[in-house]
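Dear colleague,

Please find below the structure that I am handing over to you, together with its sequence. My findings follow directly after it.

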Amino acid sequence: MKLICVYQNALLLSVLTQAGCLPVASAESQKNSTDNSASPIESTSLVSNQTTSLMTLVDFASAEQQTWLQSSSAKFQLVKNQLQIGFLPQHNISTVSIKPEQPWDLSSLSRYNLAFDVANPQDKSVHFYLSVENQQDEYQSRSISIAPHYKGTVFFPLDGKEAVTEAGFWGDATPWKTDDSLMVWRSWRAENVDLTQIAALNFFTIGLLENRSIEIKDIRIRANPEPDPKWLNNIVDQYGQNALIDYPLKITSDEQLALQTAEELAQLNASTGTPNRSIYGGYTKGPKLKATGFFRTEKVDGKWWMVDPQGYVFFSHGPANVRMANMSTLTGIDYQDDAVRYRDSNETTPEDSMGTVQIPQAIKDRRYVASPLRHNMFEWLPEYSDPLAKHYSYRRSTHKGAMPYGETYSFYQANLQRKYDNQPDGAYLTKWHEVTLSRMKDWGFTSFGNWVDPAFYNAKQVPYFANGWIIGDFKTLSGTVNHWGLMPDPFDPEFARRAKITIDEISGSVKDSPWCAGLFIDNEKSWGEREGSIEARYGVILDALSKSVTESPAKKAFSEFLQQKYAQVEQLNTAWQTNFSDWDTLNQGVTFNQYSEPQVADLSRLLELLGEQYFKVVHNTLAEKMPNHLYMGARMANWGMPDEIIKASLKYSDVLSFNIYEEGMQPHFWQFLEQVDLPVVIGEFHIGSTEGSGLFNPGIVHASGQQDRANKYKNYMKSVLDKPYMVGAHWFQYVDEPLTGRAFDGENANIGFVTVTDTPYPQLIDAVKEVTSTMYQQRLDTK
């Protein structure tokens, strides 16, 4: 369905040991200059893309520029005007910064991109980031993975339509024809960051398992080529694939898809699965422990394990988000009838977990093109009368993107219908369930992770983790950054009431089944940063303190705590260096522009109290309704896992859960979990690549190709299996995200075990089988 628009809305040292700065090599020629601003140079045509250089930011030719380099967490040296960086795994974030004495001034320029030449001297790929920072410490951050022995130019637009167009997805399509490599966003495009004055360039890595090095030279500003009027037009083919390029797994016809499907089904039918597994996936060659009929945890010979209902040791490994929800993309179409956007305040399912919503034809008849940009991305969309039109749905709200709401389409579901079109109407989903279960057994996975289609609950073939979100009209708190939304106020009685409603609903779906390995409630809450400014760490507490006790239940609880600790308001004033006249002044709401050490300590304790209240409400509600199932915690992200919240969660969680998007679990960074002495599961991780997938975004952790992706997966899993406290790791997610971004927030990454046509990635699946066939032996130190 296409509509006419009716509405326009190096060679680095081979062994790097200690962090620090290597001696700076003398430049062959030094340029004496007192001007720290960028150096304009004559425009020269570059290669085939006709991009011209406007300004040199750094060429490392002068002694002055060499003083701009700084690092306390990486090695670097200069050789012949080339910066050689050694990123170190001893640091979670290993960084080299370039900070001129005066910011580079780009205010006189327009339509330009930042570029630099880079080489990888190693035999392994390097995934690194570059953040471009202004004088207000605001920044934009992009990243790329370069292949072994890569030499070339890396770039990204800073100005012009290619830099500012909100297309509704993370990784952008290459803006012009070029052999250069485009860096992609770390996540969403940074908003309202003025980079006409650049104060710093920061090259860094996150969560390395091994030393990595790159060589950089000629950091420059280039003019963008003339805009391509067809950029972003017709980039998606009828299967939801990249229409602009060919790649090995691309499907070109229904016949090819049918042949491929038949071949895989024959292979799965012949598979006997992984040997020595109990019916629940536990290891029958391992120690036999007490069987309770449900999943539990136990420490055996110094290592934590999950234990399956039959008493066999169990390690949970498998994909998360195995469902149809959040698989659709915005088509650019919207409807004029507001009824389609109605939301009931009693709903328990958040927008990104909603399945397909069927829209009445009368509403569809009042459709219009709300976003020509989005609508023109598709070579094909089905007419509403087409059999494949059943995969249209609607998103009533989005988290980020080009549209606040609108019509969506699921190419993945359409491809499943194409694959299994010999099934009775609607049975393609039943077949998908059947094939997915067969793959789980063939690939050696032991469980589904979070967000799994409830249809798998009743299959009783693969253990699963049930999940739920506590949503509702309870009070909230705001930090300085709210990644996925505002923080619930767990002191609000309405929060407890909504928690009970959610958990009652989960209980009704699980039905006390032994196949339920555990329960996740909520995900990546905005508790605050683990490090950084006081505002970044304790923003939700400061927000509560700024409110009145009648407005905020959290503020009332905090005020009572402070009055109990400090008998007189004068004692609080002495500790906090404030001048409150009485307790009522505090109760009315207060803000701060400076902080004493005792005050920071109190803010820390208040954050812990907030966490304790949250986990107590969830734990106690679960214990009353679902006492036989493990509470797996709140899946904390490493950007939002303050020590205070981790401490609070220990009292109430059976298993701790963290989403760790890094190359692996660095021993030093996660060593605190050995002292915690609780079992831990990774709720999410992944590795992706634009090479071989046709997608514009690799995901959060990048590989340089599909084989490199498989290798990085194996290294990640080794780092997990080596830890005595780890009992599981869940990959996010089962299927690649839509090329043009999932409707909720624009994520469009190569993070699936299968493509949008439901085609498995062979290199990754081979790696999975290698890991799953030996993971129990590795954990038990047996052959």
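Setting aside neighbours within four places in sequence, Glu-747 is in contact with Trp-170, Trp-484, Phe-732, Glu-737, Pro-738, Gly-741 and Arg-742. Glu-747 belongs to the loop between β34 (726–732) and α17. Is Glu-747 buried or exposed? Its relative accessibility is 9%, and because the limit for a buried residue is under 20%, Glu-747 counts as buried. Please bear in mind throughout that this is a predicted model.

As to the chain as a whole, the protein contains 18 helices and 34 strands. Its C-alpha atoms fill a box of roughly 80 × 75 × 65 Å along the principal axes. A compact globule of 783 residues would have a radius of gyration near 28 Å, and the value of 27 Å for the protein chain agrees with this. Of the 783 residues, 60% are buried.

Helix α7 comprises the 16 residues 428–443. Which residues of α7 are buried? They are Tyr-428, Lys-431, Trp-432, His-433, Val-435, Thr-436, Leu-437, Arg-439, Met-440, Asp-442 and Trp-443. The elements that cover these buried residues include α3 (254–270), β21 (316–320), α6 (411–419) and α17 (762–772).

Trp-576 lies in helix α11 (residues 569–576), while Phe-592 lies in the loop between α12 (583–588) and α13 (597–625), so the pair ties together parts that are 16 residues apart in sequence. Trp-576 is buried at a relative accessible area of 1%, and Phe-592 is buried at 17%.

Two arginines are placed over aromatic rings. Arg-530 lies over the face of Phe-672, at 4.8 Å from the ring centre. The charged end of Arg-635 sits over the ring of Phe-520, 5.3 Å from its centre.

Finally, I draw your attention to an open sheet of six strands with antiparallel pairing, in the order β4-β7-β16-β10-β11-β14. Which strands stand at the edges of the sheet? These are β4 (69–70) and β14 (184–185), each with a single partner strand, so one side of each is left without a neighbour in the sheet. Within the sheet, strand β10 (residues 126–133) runs antiparallel to strand β16 (residues 200–206), and five bridges join them. Ser-131 stands opposite Asn-202 in β16.

Yours sincerely

Methods:
Residues numbered from 1 in each chain as written. Predicted model: local features only at pLDDT ≥ 70, side-chain atom pairs only at ≥ 80, totals over all residues. Heavy atoms only, no water. Helix = DSSP H or I, 4+ residues; strand = E, 2+ residues; numbered from the N terminus. Buried < 20%, exposed > 50% of the residue type's maximum accessible area, 1.4 Å probe, protein only. Lys NZ or Arg CZ within 6 Å of the ring centre and 35° of its normal. Expected span 1.5 Å × (residues − 1). Contact = heavy atoms within 4.5 Å. Pairing = 2+ DSSP bridges. Rg over C-alpha atoms; globule rule 2.2 N^0.38 Å.
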